[in-house]
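User: I would like to learn how to read side-chain features such as rings, charges and cores in a model. Please take me through them one at a time.

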Amino acid sequence: MTDTAGTHTTPVRAGLNGTARADLAIGMVGSILVCLGAFGVGDPPRNSGLLTDLGLSWITYGHGKNLSAVIFWTGVAAMVIAWVRVGRRIFAGDAPSVATLRRWLLAWAAPLMVTVPVYSRDVYAYLAQGAVFGAGFDPYADGPAHRPGPLVDSMAQVWATTTAPYGPFFVGVIRTVSEITGDHVILGVLAMRLVLLPGLFLSLWAIPRLATHFGASGQTGLWLALFNPMVLIHLVAGAHVELLMMGVLVAGVLLVVQGRHVTGLAVLGLAVSIKITAGIAIPFVLWIWLAHIRSRRPVTARDVVGCFAAIVGITVAVFGFWTLVLGLGLGWLTGLGWADVIINWFTLPTLLAHLVTLLAAPWAALNLQPVLEVTRAIGAGLLAVVLVTLWWRFRRDERAAVAGMAWAMLAVLLLEPSTLPWYYTWVLAIAVAFTLPRWVYATVVGVSTFMLIVFQPDDAIAFYQPGALVLAVALAGLAAWSLLGPDPLRLGRFARWAWGSPGREVATTAQ
């Protein structure tokens with residue numbers, strides 16, 4: 001994650017002009033449409049009679065569901081279009097202020113706080129795991145199926161017998177929420193979104209500051225990591241733990257680079273207590289701390305030992321504190337292995353397994369599962385080597401260490417057994433520190449748009465449907481291309497031909 005474009009700070013407008021306000025308003029309208037459409041095509045609680053009681057059950061089947069789908073996908077398209085247009089404006093040096101973007105980001109997020117969960121039923125699993133804990137079971141040893149009821153009915157059944165993979169702090173949070181809301185699934189979902197919301201506020205606070213600390217654009221950072229519709233829809237509407245983890249993680253990294261090492265490490269320890277993935281950032285803190293010492297005087301062996309001991313001691317103390325408070329020990333380790341259940345070709349080991357079985361098909365009918373065991377074992381070994389190599393390679397200074405964090409997060413995404421769209425927040429939250437080449441931003445736009453299409457709002461997956469894949473690739477490519485320049489399909493020429501000279505104004509507005 002190198003800063004190939006050099007130091008960059010986006011010029012800021014004193015106020016919003018009409019077109020800038022219109023771009024941001026398009027995204028807000030899109031979010032409202034996503035909110036409305038999700039009631040028909042999302043992941044509502046199972047066995048709930050709320051829509052029937054309200055006389056709205058018709059939106060979940062037949063023509064009603066088709067109408068909901070049109071509304072939902074129109075909203076997604078509007079959010080992507082607005083995101084791209086805001087990005088082009090920022091790169092052209094016509095960026096709204098950070099404060100303005102923060103306000104509009106909350107406006108984009110607000111409708112997603114009150115809609116039906118989309119793209120995943122994980123939020124129901126959180127509530128069910130919290131409820132099984134509250135019922136006297138150990139969520140690190142006993143699956144939600146030990147406490148049958150509306151929460152278990154509403155979650156993805158593949159996880160009903162699996163154990164919780166989350167850190168002790170988050171398990172304590174979901175227990176508290178489930179104890180307050182009980183079996184009221186809708187109240188539980190709304191409460192979960194509220195307890196995850198501090199992650200969004202922390203991200204809004206920390207991301208622009210982390211970017212400007214390294215001479216990058218705070219507006220670009222907000223645009224990349226938070227205005228991204230894939231991030232916003234999945235984390236807010238989908239209600240994923242990554243929303244909380246991302247905010248705590250980026251806040252901890254910011255405090256460390258600002259020289260508040262102990263406080264930053266305590267915050268990073270909290271992030272690990274939410275989800276263990278945050279721990280990938282902690283080894284790189286050693287190089288940041290030593291770089292700060294080096295800026296004042298030569299580094300000694302005592303400095304190295306002292307910093308290392310402090311890093312280990314502080315993070316272990318924080319994690320240990322929450323472990324003792326929860327009282328379940330290190331049982332969360334058993335839950336990490338359940339990631340193998342997810343199979344998609346977005347990680348290299350799974351992609352390799354698919355290719356092996358496909359290429360071997362003319363000669364041998366290989367079962368995917370045994371091949372996956374081999375390729376995932378290779379991926380795990382390679383990941384260990386890559387992480388150690390990155391940690392050592394990016395030791396030069398503070399900037400290099402943060403770049404190493406981002407590369408390490410990306411390596412995990414590519415080499416772990418499975419990857420889901422909301423996992424990409426791990427990388428994006430750190431990558432905001434750098435001014436990246438425009439093609440990298442376009443790639444993020446393309447991948448994000450692709451993920452919004454191949455993952456369906458009702459938790460279905462279109463990975464293995466050729467028609468859907470071709471459509472997703474085409475639309476993702478168009479979105480990425482649009483970031484690099486307006487009107488990539490040259491539709492303005494058609495407008496001018498169809499409407500004459502007034503078409504020039506129409507085409508300009510459409511861009």
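User: Which ring does the charged end of arginine 393 sit over?

Analyst: This is a predicted model. In it, the charged end of arginine 393 is placed over the ring of phenylalanine 394, at 5.2 Å from the ring's centre. Another case is arginine 175, which lies over the face of phenylalanine 133, 4.4 Å from the ring centre.

User: How is a pair of aromatic rings described?

Analyst: By two values, the distance of the centres and the angle of the planes. Here the count comes to 19 aromatic pairs. In one of them, phenylalanine 72 and tyrosine 119, the ring centres are 6.1 Å apart and the planes stand at 50°, so the pair is tilted; a pair would need over 60 degrees to count as edge-to-face.

User: Which parts does the pair of phenylalanine 72 and tyrosine 119 tie together?

Analyst: Phenylalanine 72 belongs to helix H3 (residues 62-91), and tyrosine 119 to the loop between helix H4 (98-109) and helix H5 (122-134), so the pair ties together parts 47 residues apart in sequence. Phenylalanine 72 counts as buried because its relative accessibility is 0%. Tyrosine 119 is buried too, at 1%.

User: What kind of aromatic pair do tryptophan 287 and tryptophan 392 form?

Analyst: An edge-to-face pair, with 6.0 Å from centre to centre and 75° between the planes. Tryptophan 287 is in helix H13 (residues 285-294) and tryptophan 392 in helix H17 (residues 368-393), so the pair links distant parts of the chain, 105 residues apart.

User: Are tryptophan 287 and tryptophan 392 buried or partly exposed?

Analyst: The cut-off for buried is under 20% relative accessible area. Tryptophan 287 has 10% and therefore counts as buried, whereas tryptophan 392, with 49%, is partly exposed.

User: Which residues of the largest nonpolar core touch the most other members?

Analyst: That core has 157 residues, and those touching the most other members are Phe170, Met192, Leu210, Trp223, Phe227 and Ile233. Helix H11 (residues 242-257) gives the most to the core, with 13 residues. Trp223 is also part of an aromatic cluster with Trp83, Phe91 and Tyr441.

User: What is isoleucine 233 in contact with, leaving aside its neighbours within four places in sequence?

Analyst: Its contacts of this kind are Val34, Val76, Met79, Leu112, Val118, Tyr119, Gly238 and Leu452. Tyr119 is the tyrosine of the tilted pair with phenylalanine 72.

User: How many disulfides does the structure hold?

Analyst: The number is 0. As for individual cysteines, cysteine 35 is buried at a relative accessible area of 9%, and cysteine 307 counts as buried at 4%.

Technical notes: Residues are numbered from 1 along each chain as its sequence is written. This is a predicted model: local features need pLDDT of at least 70, side-chain atom pairs count only at pLDDT 80 or more; totals for chains, interfaces and linings use all residues. Side-chain values use heavy atoms; hydrogens and water are left out. Rings of Phe, Tyr and Trp (its six-membered ring) pair if their centres lie within 6.5 Å; planes under 30 degrees apart count as stacked, over 60 as edge-to-face and the rest as tilted. Helices (H or I, at least four residues) and strands (E, at least two) are DSSP runs, numbered from the N terminus. Buried means under 20% relative accessible area, exposed over 50%, partly exposed in between (1.4 Å probe, protein chains only). A charge sits over a ring if NZ of Lys or CZ of Arg is within 6 Å of the ring centre and within 35 degrees of the ring normal. A nonpolar core is a set of buried Ala, Val, Leu, Ile, Met, Phe, Trp, Tyr and Cys residues joined through side-chain atoms within 4.5 Å. Contact means heavy atoms within 4.5 Å. A disulfide is a pair of cysteine sulfur atoms within 2.5 Å.
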